[in-house]
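Welcome! Please take a moment to look over the chain below, and then we can walk through it together.

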Amino acid sequence: MKIPQNIWHPVLLSRELKRKPLKFQRFGSDFVFWRDKHGSPQMFPDRCPHLGASLSQGSVSNGNLVCPFHGFEFSASGDCQHIPANGTLGKIPAGMNCVRFECIESAGFIWAWVGEKPSTGAPAYFSEIADGFQIADMAIDARVNYSRAIENQLDAAHLPFVHKSTIGSGGKSFVDGPYIESVHNGLNSWVFNRVDSNEPHQPISELQKLSHQRPPSLQLRYPAQWLLNISDHLKNFIAFVPVNENTTRFYLRTCHKVKLPIASYLYGLLLQLMNKIILQQDLNVISHVKPCFSLDSSSDRFIGADRAIVIYRRWLASNAADFNPDSTTRQMTKIAAVSADGSSSDPLAFQPPATGRQDGN
Ligand code: FES
Ligand SMILES: [Fe+2]
């Protein structure tokens, strides 16, 4: 599947990864996530470079990930440190390593760098909710491609139809703007919806003036972080994580300023319930949109209200490429097989001795 390259992707909530190695599907591939001796998150393809066992069935010992099949040990860098069958003095064959995806842990998330270029900068998170908010997180997996999920959250025209019974009540189907400002790592959008009164659209210059008097209605930071500014005291954050071509994991984070512990907890629960209902309304429609991946469409036709979608789709088109779990900044060297003394680099050099007839007769 195609995903944005050379950028930090949110992949997990920090709290989802404890001591035990865990398997999660991301970008259409299975990965093992684990914590090294410093507690730092690590992410490898969930496939042992020896004979392909699932490393997530293994364990962590002395800060190394241990394969459940033959006990090979891999350090946080992905290098094989020990092959029990070869003994402590045995050689480690070239290429006996895991591909490591560089990870960072910040803002309650684990982020992975995806791309051939070396990692740069920090994951894009919102300073607006970095401090002073009570936050509650919730994860929902849904049958929709991440591109359609993100575009839906930038869509200014769907509210009175998809959310008629909730946030879209009132029949405000007429869309001025939205007014959009692109920033280096995303976009800010000011939404102006009203009841149709047979008047023309307001000029963008007018919307610009109005926009500069208040925070954006919503913000997107690439590749997949979204913030809805409901008020100074209430904001909703979503990280859209591609699980596979047809599935996205939504990490919904409610952010409020109710401090009294029980009231804060109950308010958080109420907000989560509302968000779940609203998201379900979106999913009822967007999980049936065709084609699944928005860049596969050559037939979508846009209107003015789709400005933010168009900007995102352009960005996606110039940054998305096929994801290859074996190709990162730390290229895997050609796999070498184990010879009798553990030193050969020819994959077929070691053949088991023939025992009896081999022709099947
Ligand atoms: S398959 Fe992992 S050690 Fe053999
Ligand atoms: Fe919606």
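## The whole chain

Stepping back, the protein chain holds five helices and 19 strands. Its C-alpha atoms fill a box of roughly 90 × 50 × 40 Å along the principal axes. The chain has 361 residues, and 36% of them count as buried. Among contacts with a separation of 6 or more, 60% come from residues 24 or more positions apart.

How confident is the prediction? The average pLDDT is 91, and 90% of the residues score at least 70. Over residues 329-361, however, pLDDT stays under 50. For that stretch the model has 40 contacts beyond four places in sequence.

## Two domains

The domain assignment gives domain 1 as 2-114 and domain 2 as 127-322. Taken over C-alpha atoms, their centres are separated by 33 Å. Where they touch, 15 residues of domain 1 are in contact with 20 residues of domain 2.

On the domain 1 side, the elements giving two or more residues are strand S1 (2-4), strand S2 (7-13) and S3. S2 gives the most, with five residues. By type, the residues on this side divide into eight nonpolar, five polar and two charged.

## A hairpin and its turn

Strand S3 (residues 22-26) pairs with strand S4 (residues 29-35) in the antiparallel sense, over five bridges. Together S3 and S4 form a hairpin with two residues between them.

Phe-27 lies in the loop between these two strands, S3 and S4. Its phi is positive, near 55°, and Phe-27 is not a glycine. Is Phe-27 buried or exposed? Phe-27 is buried, because 23 other C-beta atoms lie within 10 Å.

## A four-stranded sheet

Another feature to find is an open sheet of four strands, in the order S6-S7-S8-S9, with antiparallel pairing. Strand S6 (59-61) and strand S9 (80-82) are the edge strands, each pairing on one side only. Two bridges join S9 to strand S8 (residues 73-74). Phe-74 stands opposite Cys-80 in S9.

Asn-62 sits in the loop between S6 and strand S7 (64-66). This residue has a positive phi of about 50°, although it is not a glycine. With 10 C-beta neighbours inside 10 Å, Asn-62 counts as exposed.

## Cis peptide bonds

Most residues other than glycine have a negative phi, and most peptide bonds are trans. Against that background, the peptide bond from Gly-177 to Pro-178 is cis, with omega near 0°. Pro-178 belongs to strand S13 (residues 174-183).

The bond from Tyr-222 to Pro-223 is cis as well, with omega near 5°. Here the proline, Pro-223, is in the loop between strand S15 (218-221) and strand S16 (225-231).

How values were computed:
Residues are numbered from 1 along each chain as its sequence is written. Chains are lettered from A and ligands numbered from 1 in the order in which they are written. This is a predicted model: local features need pLDDT of at least 70, side-chain atom pairs count only at pLDDT 80 or more; totals for chains, interfaces and linings use all residues. Two strands pair if DSSP finds at least two bridges between them. Domain bounds come from an automatic or database domain assignment. Two residues are in contact if their C-beta atoms, placed from the backbone, lie within 7 Å. Ala, Val, Leu, Ile, Met, Phe, Trp, Tyr, Cys and Pro count as nonpolar, Asp, Glu, Lys and Arg as charged, and the others, Gly among them, as polar. A residue is buried if 20 or more other C-beta atoms lie within 10 Å of its own, exposed if 12 or fewer, and partly exposed in between; C-beta atoms are placed from the backbone. pLDDT is the predictor's confidence in each residue, from 0 to 100.
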